Each structure stands twice: as C-alpha cells, then as structure tokens.
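Thanks for making time this morning.

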Amino acid sequence: MKILIIHQYFLEDNEYGGSRWNEITKVWIKLGHEVTVIAGMIHANGSNKRPQYKGKYFVTTKQGNVKVIRTHVS
C-alpha cells in the first residue's frame, strides 16, 4: 500500500523535536508500505532554509526508505 503524509515540519535526519511521524513512517516501512512525505523546508523552531534548499521550490530526497518531497513555505 502507498501512504502519503503531508506534514509541514517532518524532521530531517538527525534533527531534534517532535519525531512522532518520523517514527510512524519507520513502522509502516517495516510493514511493507511505500511512504511518501510532503513537508516544508524549515524546522518548526527555525526561520531559515538550509543551504541546500535556497532558491528552490521543491527538493526530493530519501530518508531511509521514505521519499520526502520538501516544498517552499512562505
């Protein structure tokens, strides 16, 4: 089954903060699901984009086996 999550503050690898949805995606992956997350580019406690996102509207990466599509948030 394919699962899509929309979460503005889905954590990057090795970030601090509420990781509930990051942990849930790991469980779904172990159960055999394909997980994609659409998320923002800014940490919940921050106000700046990471350098790799500057000047971009969309960036697609993999966090483990989770496909993450980061989008510009104004």
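Before I point at anything, a word on terms: when I say strand, I mean a DSSP run of E of at least two residues, and these runs are numbered from the N terminus. Please also keep in mind throughout that this is a predicted model.

With that in hand, the chain holds one helix and four strands, and, read from the N terminus, the elements follow the order β-α-β-β-β. The radius of gyration is 12 Å, close to the 11 Å that the globule rule gives for 74 residues, so the chain is as compact as a globular protein of that length. Along its principal axes, the C-alpha trace spans about 35 × 20 × 15 Å.

If we take the contacts with a separation of 6 or more, 60% of them are between residues 24 or more positions apart.

Which residues make up the largest nonpolar core? There are eight, namely Ile 3, Ile 5, Phe 10, Val 35, Val 37, Ala 39, Val 66 and Val 68. Two or more of these residues come from each of S1, S2 and strand S4, which covers 66–71, and S2 gives the most, with three residues. One member of this core, Ala 39, touches His 7, Gln 8, Phe 10, Ile 69, Arg 70 and Thr 71, if we set aside residues up to four places away in sequence.

Staying with strand S2, which runs over residues 34–40, we find Thr 36 there. Is Thr 36 buried or exposed? Thr 36 is buried, because its relative accessible area is 16%, and buried means under 20%. Beyond its neighbours within four places in sequence, Thr 36 is in contact with Ile 3, Leu 4, Ile 5, Lys 67 and Ile 69.

Asn 14 is exposed, with a relative accessible area of 85%. Most residues other than glycine have a negative phi. The phi of Asn 14, however, is positive, near 65 degrees.

Notes
Residues numbered from 1 in each chain as written. Predicted model: local features only at pLDDT ≥ 70, side-chain atom pairs only at ≥ 80, totals over all residues. Heavy atoms only, no water. Rg over C-alpha atoms; globule rule 2.2 N^0.38 Å. Contact = heavy atoms within 4.5 Å. Buried < 20%, exposed > 50% of the residue type's maximum accessible area, 1.4 Å probe, protein only. Core = buried A, V, L, I, M, F, W, Y, C linked by side-chain atoms within 4.5 Å.
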